[in-house]
Structure formats: C-alpha cells, structure tokens
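Reader: I am new to this structure. Please take me through one part of it closely, and then show me how the rest of the chain relates to that part.

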Amino acid sequence: MVFTAISIVTSLVIVLLIGLVVSIISSRFNVPDALFLILAGMAVGQIPYAGEPLVQFPELFLTSMALVALALILFDVSTRIKLKQFDKLAIQSTKLTMVFLFFELLLMTVASWVLLDIPLPISLLLSSLIAGTSSDVMTSIAGSVKNKMLDLVTFESIIRVSRYSLYLS
C-alpha cells in the first residue's frame, strides 16, 4: 500500500476516535483503560477495508512514534520517583523485581517456546519484552488506597518500566 499523508491522518483519527470511545466506556465500568484499549486495538486490526486492514501505518512512522512514546514514558517515570521514597523502597523493590523477572522470563520463555514453536533465543527476547508492568496501570488500580505493599509494587513497576525502556533504547 502506498502511504499518503491523508491515509496516515485518517488512520490516526480512527485510532484516536476509537481510543476516546473505549476510554469513556472503560471509565463507566471502572476498569483500567489499558485492558479495553488493547482489546479494541486487536479488534480494529482485524477489520478489513477495500481488501486491506482498516488502520495501517508505515514502518518509519511507527518507529518514530515508538521513540516519542519511550521518551514520554521515561519523563513520566522520572517525575514519579521521589528520592525519599527511593531510599526506603529501593532494596525491597529491586529484590522483588529480580524475583518476578526471573520467574516471568522462565515461564514465558518456556510457554512461547513450546506453545508458539518459536526458537529459544527469540522466545527469551519476547518474554523479556512483555514482562513489564505499567506504572499507570498500578497507580489506577491502587487509586487512593495507601498501603505499604501497594507502594512497593507501584514503585517496583516504576523501576521496571524505566529499566525496560532503557533496555529497549
């Protein structure tokens, strides 16, 4: 497919409109937006239009947007880290991150290797990419509840996201 400016803008408008509608629906059900947005993205990718997927973007555009998103994630994570909180929770969250990372890598690598029949190095890479927990999701789940365990898990997700972002860049 030849990508023109109008096709890219049209795809962006469709994605933003669907994202807006899905966000409104998820807020009505008090469910985190990420779940419905992922499901909506999977559904929109399967809708054909004139023999091709409804929403398509060129590879260079997607790469550029991924870099911009990476920069925004790192900025957001750096604004959420408080030095006072870092001292108290750094050792605990680092231990928690390493334990979870080990088991996630082990289980996801074996699962993708066996179930998807992917070569072992590729399945290890895939499992390392999908092992992260978004700090936005953890913050929205925790809400206004103040609990030391929730603070620890939220801080762990912030550390994990920043580490994965640096790993991917």
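Author: Start where two helices meet. I18, G19, V22, S23, S26 and S27 in α1 meet D33, F36, L37, A40 and V44 in α2. The model is predicted, and that holds for everything below.

Helix α1 covers residues 5-28, which makes 24 residues. From its first C-alpha to its last, α1 reaches 35 Å. That is close to the 34 Å expected at 1.5 Å a residue.

Now the partner. Helix α2 spans residues 33-44. The axes of α1 and α2 come within 9 Å. They cross at roughly 140°. Angles over 145 degrees would count as roughly antiparallel, so α1 is oblique to α2. The crossing of α1 past α2 is right-handed. Two numbers carry much of this description. Two packed helices are described by the angle between their axes and the distance between the axes.

Which residues of α1 are buried? They are S7, I8, S11, G19, V22 and S26. Among them, G19, V22 and S26 also take part in the contact with α2. An α-helix has 3.6 residues a turn, so residues three or four places apart point the same way.

Take G19 next. G19 is found in helix α1. Its relative accessibility is 17%. Buried means under 20%, so G19 counts as buried. I38 and G19 are 19 residues apart in sequence. From C-alpha to C-alpha, I38 and G19 are 9.7 Å apart in space. I38 lies in helix α2. Is I38 buried or exposed? I38 has a relative accessible area of 55%. The cut-off for exposed is over 50%, so I38 is exposed.

Move along α1 to S26. S26 has its place in helix α1. At 0% relative accessibility, S26 counts as buried. What does S26 touch? Leaving aside neighbours within four places in sequence, S26 is in contact with V31, P32, D33 and F36. Of these, D33 and F36 are also listed on the α2 side of the helix contact.

Just after α1 comes a backbone detail. N30 takes a positive phi of about 55° there. Most residues other than glycine have a negative phi, and most peptide bonds are trans.

Go back along α1 to S11. S11 lies in helix α1, and at 5% relative accessibility S11 counts as buried. Its contacts lead elsewhere. Not counting residues up to four places away in sequence, S11 touches L54, V55, Q56 and F57.

F57 opens the next topic, the aromatic rings. There are two aromatic pairs. The rings of F57 and F61 have their centres 5.3 Å apart, with their planes at 25°. Planes under 30 degrees apart count as stacked, so F57 and F61 form a stacked pair. F61 is partly exposed, at a relative accessible area of 22%. The other pair is F102 and F103. Their rings are 5.3 Å apart, centre to centre, with 70° between the planes. That pair is edge-to-face. F103 counts as partly exposed at 45% relative accessibility.

Now step back to the whole chain. The chain has seven helices and two strands. From the N terminus on, the elements run α-α-β-β-α-α-α-α-α. Of the 169 residues, 24% count as buried. Consider contacts between residues at least 6 apart in sequence. Among those, 66% join residues at least 24 apart.

One lies between β1 (48-49) and β2 (52-53), and A50 is in it. Phi of A50 is near 55°, a positive value in a residue other than glycine. A50 counts as exposed at 75% relative accessibility. The other loop runs between α4 (83-115) and α5 (120-129), and D117 has its place there. D117 has a positive phi of about 55° although it is not a glycine. At 67% relative accessibility, D117 counts as exposed.

Methods:
Residues are numbered from 1 along each chain as its sequence is written. This is a predicted model: local features need pLDDT of at least 70, side-chain atom pairs count only at pLDDT 80 or more; totals for chains, interfaces and linings use all residues. Side-chain values use heavy atoms; hydrogens and water are left out. Helices (H or I, at least four residues) and strands (E, at least two) are DSSP runs, numbered from the N terminus. The expected span of a helix is 1.5 Å times one less than its number of residues. Buried means under 20% relative accessible area, exposed over 50%, partly exposed in between (1.4 Å probe, protein chains only). Rings of Phe, Tyr and Trp (its six-membered ring) pair if their centres lie within 6.5 Å; planes under 30 degrees apart count as stacked, over 60 as edge-to-face and the rest as tilted. Axes are lines fitted to C-alpha atoms, for helices over the stretch in contact, and angles run from 0 to 180 degrees between N-to-C directions. Angles under 35 degrees count as roughly parallel, over 145 as roughly antiparallel, 65 to 115 as roughly perpendicular and the rest as oblique. A crossing is left-handed if the near helix is turned anticlockwise from the far one by less than a right angle, and right-handed if clockwise. Contact means heavy atoms within 4.5 Å.
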